[in-house]
Structures are given as C-alpha cells and as structure tokens.
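Subject: Structure handover

Hello,

Please find the structure below, followed by notes on what was found in it.

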Amino acid sequence: MSVCNISFQIEPSAEAIWKVWMQEQFIPNCMQTDCFNSFQFYELEVEPTQAPTYTLQLFASSKEAMETYRGKHAADLLYKLHHTWGEQCFHFSSFMQIVN
C-alpha cells in the first residue's frame, strides 16, 4: 500500500476556518480523484509556541494509483491549497510504502 502524507502548519488565526475547509473541500477533492481508498487526518501535538500542525495521510492500494495521483492530480490540488491559503498555510508532501 502506498501513502501520501501531506503535513501542514497553519497560521493560528486561520486554523478554525482552515480545518473546516480541509474537511469540506480539500479532503473530498483528494478522495474524488479515485486514487485513494481511505484517509486519516491528524492534529499533531506541538509545543504551545509552535503553529498548529496537521497531517493528512491518503492511502492508495497500489503504486500505480499513487503515480496517477502524482501525475494527474497533485499539482492542481496543491495549487488550490496555496491559492486559497497563501502564506497562512505551509505544507509539504512525502510519499511512502507501508512495510508491514
């Protein structure tokens, strides 16, 4: 199984509305690509002086499905994220394989 992990740091003043946007817009749009079987959305426990930090894990059943996401969908989805939130949301992506 392949996993796309997208980590986010969000400006505290935008956190509440960003979280709603993620759940109502970004995550459904990722799932509508039909590249993923499931997802998990996490809030990381960080020091009080750090910006709120989240991670989204998107699970694909095959490397081919992940390559389809990367080749056909990732750039557009991440563009929409950046266009909507700009400097209020820093993000980066990692791609992994489940070992066990």
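**Sheet**

Phe-39 has Leu-58 in S3 as its bridge partner. Helices (H or I, at least four residues) and strands (E, at least two) are DSSP runs, numbered from the N terminus.

This is a predicted model, in which local features need pLDDT of at least 70 and side-chain atom pairs count only at pLDDT 80 or more, while totals for chains, interfaces and linings use all residues. Residues are numbered from 1 along each chain as its sequence is written, and side-chain values use heavy atoms, with hydrogens and water left out.

S2 and S3 pair in the antiparallel sense over six bridges; two strands pair if DSSP finds at least two bridges between them. The open sheet has four strands in the order S2-S3-S1-S4, with antiparallel pairing. S2 and S4 are its edge strands, each pairing on one side only. On average, neighbouring strands of this sheet are turned by 15° against each other, direction ignored. Axes here are lines fitted to C-alpha atoms, for helices over the stretch in contact, and angles run from 0 to 180 degrees between N-to-C directions.

**Helices**

H1 lies across S1, S2, S3 and S4 and runs at about 165° to S2. H2 lies across S1, S3 and S4, at about 175° to S4. Contact means heavy atoms within 4.5 Å.

Both helices have a kink: about 45° in H1, centred on Met-22, and about 60° in H2, centred on His-73. The bend at a residue is the angle between axes fitted to the seven residues ending there and the seven starting there.

The buried residues of H1 include Trp-18, Trp-21 and Phe-26 (buried is under 20% relative accessible area, exposed over 50%, partly exposed in between; 1.4 Å probe, protein chains only). Their cover includes S1, S2, S3, H2 and S4. In H2, Tyr-69, Leu-77 and Trp-85 are among the buried residues, and the cover there includes S1, H1, S3 and S4. Gly-86, which follows H2, has a positive phi near 50°.

**Two residues**

Glu-15, in H1, is buried yet has no salt bridge; the nearest side chain of opposite charge, Lys-19, is 4.5 Å away. A salt bridge is a side-chain nitrogen of Lys or Arg within 4 Å of a carboxyl oxygen of Asp or Glu. Lys and Arg count as positive and Asp and Glu as negative; His and the chain ends are not counted. Beyond four places in sequence, Glu-15 is in contact with Ile-10, Glu-43, Pro-52 and Tyr-54.

Ile-98 lies in the segment after S4 and is partly exposed, at 38% relative accessible area.

Regards
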